[in-house]
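This report describes one protein chain for a reader who works with computed models. Please look over the sequence and the coordinates before reading on.

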Amino acid sequence: MKNLEEMDIPSFREDLIGWFEKEQRDLPWRKDRDPYKIWVSEVMLQQTRVDTVIPYFNRFLEQFPSLDALAEADEEKVLKAWEGLGYYSRVRNLQSAVKEVQEKYNGIVPDSPKEISALKGVGPYTAGAILSIAYAKPEPAVDGNVMRVLSRILLIWDDIAKPASRRIFEEAVRELISHENPSYFNQAMMELGALICTPTSPSCLLCPVRDHCQAFDEGVQDELPVKTKKKKQRPVELTAAVLRNHEGKLLIRKRPDTGLLANLWEFPTTEVNLEFRSEKEQFTDYFKDQYETGITLGEMLGRIEHVFSHLIWNLHVFTGTIQGQIKEASDLRLVSLDEIDKFAFPVSHQRILRLYRETGEIK
């Protein structure tokens, strides 16, 4: 890469790592180099801010302090511990992968790129982070932060939203990475992107590697990285209901074990078309067809919007009573308000429960 040839790489490493040694944040997963803890933290940090992750990480490690503890844990408890972090397939993959490590590698996270990359849910970034931070292997750990930093430092105009671009950045890191301290090098690159070389208004005057930055030199740091916009999210209209039976218990159901929010619990919900009939009518018909019993819905409790990367859920929330009998099953339960906290709900349905607790019981 031509732009790498123009760099004083040893000086760049020294400036970057020296800054990290002085300025690194005190984060719980940096207390030691336990590959299991690093692995958990990296999975949690995907698409989630550091400040949000810290309390989740601490609670998760209290419940599942070792790889063996997570491998042997009940999935319901694992999902409950993850509740609120979203992207639940991440923790399912993590648990599947630690089970494989327990069975195949005697509970020791493998330290070879080939073996670790073969584990479920472990992509190139997570593999590189574990190998470099836990095992001091000079492997690249390239995430959005690192691509942003390098696009500016090396004046790379390739679109970082395209999967093919990742290879360019991985090759660059292989050239730049410190073989003496790959752990600090990779962590420093991530830290630089999080604290200094931010997506908008980068703090160039505070940057420890500003003298090596070709974008700053040319005054184009605000134009990089190049990133095409994602497609617009599709809106979906849904009606959900918090339904009580004659004993005052609430009906919840488990989502399918594949697809969006798999295996999480929710209040009965269905998609509606607002052009033809009211939400109440559509939901009442849906419920009778699905569960072979009638319901009486009250006034609307409220509306909740929940945004996914590809969808926007517009939830119209009601309370109501079940007129007949509901036969419980493994994926259909009647629970009291005290019992409901044992079940893992997606964020949208946690918000429904909060709304019900605040206003629904007195309606």
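Where is the place of Pro-256? Pro-256 sits in the loop between E2 and E3, where helices (H or I, at least four residues) and strands (E, at least two) are DSSP runs numbered from the N terminus.

## Basis of the model

The model is predicted, so local features need pLDDT of at least 70 and side-chain atom pairs count only at pLDDT 80 or more, whereas totals for chains, interfaces and linings use all residues. Residues are numbered from 1 along each chain as its sequence is written, and side-chain values use heavy atoms, with hydrogens and water left out.

## Overall dimensions and composition

The protein chain holds 15 helices and 7 strands, and its C-alpha trace spans about 75 × 50 × 30 Å along the principal axes. Of the 363 residues, 51% are buried, where buried means under 20% relative accessible area, exposed means over 50%, and partly exposed is in between (1.4 Å probe, protein chains only). Among contacts (heavy atoms within 4.5 Å) with a separation of 6 or more, 68% join residues 24 or more positions apart.

The chain exposes about 18,500 Å², of which carbon and sulfur atoms supply 47%; the accessible areas come from the Shrake-Rupley method with a 1.4 Å probe, and for residues only the protein chains shown count as cover. There are 48 positive and 57 negative charges, and their mean positions are 4 Å apart. In this count Lys and Arg are positive and Asp and Glu negative, while His and the chain ends are not counted; each charge is placed at NZ of Lys, CZ of Arg, CG of Asp or CD of Glu.

## Helix packing around H12

Two packed helices are described by the angle between their axes and the distance between the axes. Here axes are lines fitted to C-alpha atoms, for helices over the stretch in contact, and angles run from 0 to 180 degrees between N-to-C directions. Helix H2 (residues 9-23) and helix H12 (residues 182-195) have axes that come within 9 Å and cross at roughly 75°. H2 is therefore roughly perpendicular to H12, on a scale where angles under 35 degrees count as roughly parallel, over 145 as roughly antiparallel, 65 to 115 as roughly perpendicular and the rest as oblique. The residues that meet include Phe-12, Leu-16, Trp-19 and Phe-20 in H2 and Tyr-184, Phe-185, Ala-188 and Leu-192 in H12.

Helix H9 (residues 124-135) also approaches H12, with axes that come within 7 Å and cross at roughly 135°, so that H9 and H12 are oblique to each other. Tyr-125, Gly-128, Ala-129, Ser-132 and Ile-133 of H9 make this contact with Pro-182, Ser-183, Asn-186, Gln-187 and Met-190 of H12.

## Helix H6 and its surroundings

In helix H6 (residues 75-82), the buried residues are Glu-76, Val-78, Leu-79, Ala-81 and Trp-82. The buried residues of H6 pack against H3, H4, helix H5 (67-71), helix H7 (89-104), E2 and E3. Just after H6, Gly-84 takes a positive phi of about 105°.

## Backbone features in loops

Most residues other than glycine have a negative phi, and most peptide bonds are trans. Gln-47, which is not a glycine, has a positive phi of about 65°; Gln-47 lies in the loop between helix H3 (35-45) and helix H4 (50-63) and counts as exposed at 57% relative accessibility. Leu-261 likewise has a positive phi, near 55°, but Leu-261 counts as buried at 11% relative accessibility and belongs to the loop between strand E2 (250-254) and strand E3 (265-266).

The peptide bond from Leu-224 to Pro-225 is cis, with omega near 0°, and Pro-225 is placed in the loop between H13 and E1.

## Loop residues and their partners

Val-226 lies in the loop between helix H13 (214-218) and strand E1 (234-244) and counts as partly exposed at 27% relative accessibility. Leaving aside neighbours within four places in sequence, Val-226 is in contact with Trp-157, Asp-158, Asp-159, Ile-160 and Ala-161. The C-alpha atoms of Val-226 and Asp-158 are separated by 6.4 Å, although the two residues are 68 residues apart along the chain.

Pro-256 counts as exposed, at 55% relative accessibility. With neighbours within four places in sequence left aside, Pro-256 is in contact with Ala-262 and Asn-263, and Pro-256 and Asp-331, 75 residues apart in sequence, are 8.6 Å apart in space, C-alpha to C-alpha.
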